[in-house]
Amino acid sequence: MRHASRLPGSRLLHGSLLLAALLAGCVRLIAGFDEQTRNEILADARLVDRFYGELLETDEAKRPYVASAPRYVQVETELRALVLRNEARPLNQDSTDIARKILLLWQQTKDLHKRRDGYPGGSARLDRESFGRLFLYALTAEQAKPGEGDRSRAETGLRAP
Amino acid sequence: MSFDLDATLKEMAAAARATIRGQSKQAGEALRRVLDDQKDALRQITAARIAGEIDEEELQRQLANTRLVFEAGLSMVRAVSKASIQKALDAAFDVLARAIGRAVAG
């Protein structure tokens, strides 16, 4: 840094800070942690889990599609919002892929319920497990991101695997 | 004012190494969890079919779902891995920024 020592202090300071900021800013591989996305994942996971909890409490012969239709619409709306929120963030392809798969599975499940006009317990239990895993992956991916994630994990007690 | 480039680069590498060591463990655990989940899912689907809780068509649908969940798990592992590298890079650049700050102040 022989050349640098000839620069006036304030000019060098500004130049150095700019350089460091540029270097740090240029090397981005993944989006930063987003607390609202984390909260939306948790809220959507609760909605879906509650849907299955109530469904499984209902007599298997009394599970027509029409009884669940409003819940399907509500959950699909929330999941579409989650996909959109993920899509809108740069360097966020992996989380977007997970959110899209959750939405896809939900839509397929809805279509099948509509076609069968029923939802057998065996299928419902397995589907509930699948959604649980998908939401866990979405949450883990979000909380692994740099930024507030580490602090939030400590605060909530939630842990990445 | 002095700036020791060699020492700074060594500090940057050490900071990146220290960060990535902890983080790579997290990525390994994430992959292990996805594989364990896959095993559990296949076990549950097989048990449901044997118990007659699901028919052949449903079995095929559940297997397709398992593939979709597995792909999502791999996306999660990718995100955890990228985050690990990002944190290591950030740690290295923090060292650089501090070294520059010290050089300017000194």
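**Entry 1: A:Asp117**

I started at A:Asp117, which sits in the loop between α4 and α5 of chain A. Helices here are DSSP runs of H or I with at least four residues, strands are runs of E with at least two, and both are numbered from the N terminus. I noted that the model is predicted, so local features need pLDDT of at least 70 and side-chain atom pairs count only at pLDDT 80 or more, while totals for chains, interfaces and linings use all residues. Residues are numbered from 1 along each chain as its sequence is written, and chains are lettered from A and ligands numbered from 1 in the order in which they are written.

I looked up the backbone of A:Asp117 and found a positive phi near 55° in a residue other than glycine. A:Asp117 comes after α4(A). I counted 10 C-beta neighbours inside 10 Å, so A:Asp117 is exposed. The cut-offs are 20 or more other C-beta atoms within 10 Å for buried, 12 or fewer for exposed, and partly exposed in between, with C-beta atoms placed from the backbone.

**Entry 2: A:Leu91**

I then checked A:Leu91, in the loop between α3 and α4 of chain A. Its phi is positive, about 55°, although A:Leu91 is not a glycine. A:Leu91 is partly exposed because 14 other C-beta atoms lie within 10 Å.

**Entry 3: chain A overall**

I listed six helices and zero strands for chain A, in the order α-α-α-α-α-α along the sequence. Of the 161 residues in chain A, 34% are buried. I took the contacts of chain A between residues at least 6 apart in sequence, and 76% of them join residues at least 24 apart. Two residues are in contact if their C-beta atoms, placed from the backbone, lie within 7 Å.

**Entry 4: helix α4(A)**

I compared the length of α4(A), residues 93-116, with expectation: 24 residues at 1.5 Å a residue should span 34 Å, and the end C-alpha atoms are 34 Å apart, which agrees. The expected span is 1.5 Å times one less than the number of residues.

I listed the buried residues of α4(A), among them A:Ile98, A:Ile102, A:Leu105, A:Trp106 and A:His113. The buried residues of this helix pack against α3 (65-87) and α5 (121-144) of chain A and against α2 of chain B.

**Entry 5: α3(A) with its partners**

I fitted α3(A) against α4(A): the axes come within 9 Å and cross at roughly 165°. Axes are lines fitted to C-alpha atoms, for helices over the stretch in contact, and angles run from 0 to 180 degrees between N-to-C directions. This makes α3(A) roughly antiparallel to α4(A). Angles under 35 degrees count as roughly parallel, over 145 as roughly antiparallel, 65 to 115 as roughly perpendicular and the rest as oblique. I recorded the crossing of α3(A) and α4(A) as left-handed, meaning that the near helix is turned anticlockwise from the far one by less than a right angle, clockwise being right-handed.

Residues of α3(A) including A:Tyr72, A:Val75, A:Leu79 and A:Val83 meet residues of α4(A) including A:Ala99, A:Ile102, A:Leu103 and A:Trp106. I sorted the contact of α3(A) with α4(A) into 10 nonpolar, six polar and six charged residues. Nonpolar covers Ala, Val, Leu, Ile, Met, Phe, Trp, Tyr, Cys and Pro, charged covers Asp, Glu, Lys and Arg, and the others, Gly among them, are polar.

I repeated this for α2(A), residues 35-57, whose axis comes within 10 Å of that of α3(A) and crosses it at roughly 160°. That makes α2(A) roughly antiparallel to α3(A). This crossing is left-handed. The contact includes A:Ile41, A:Leu47, A:Val48 and A:Phe51 of α2(A), with A:Val75, A:Leu79 and A:Leu82 among the residues from α3(A). I counted eight nonpolar, three polar and five charged residues in the contact of α2(A) with α3(A).

**Entry 6: chain B against chain A**

I found 39 residues of chain B in contact with 35 residues of chain A. The elements giving two or more residues to this side of chain B are α1 (5-50) and α2 (56-105) of chain B. The largest share, 26 residues, comes from α2(B). By class, this side of chain B holds 22 nonpolar, seven polar and 10 charged residues.

I looked at α5(A) with α2(B), whose axes come within 8 Å and cross at roughly 10°. The two helices α5(A) and α2(B) are therefore roughly parallel. The contact includes A:Leu126, A:Leu134 and A:Tyr137 of α5(A) and B:Val69, B:Gly73 and B:Met76 of α2(B). It has 11 nonpolar, seven polar and two charged residues.

**Entry 7: B:Leu31**

I ended at B:Leu31, in helix α1 of chain B. With 16 C-beta neighbours inside 10 Å, B:Leu31 is partly exposed. Its C-alpha atom is 7.4 Å from that of B:Leu74, 43 residues away along the chain.
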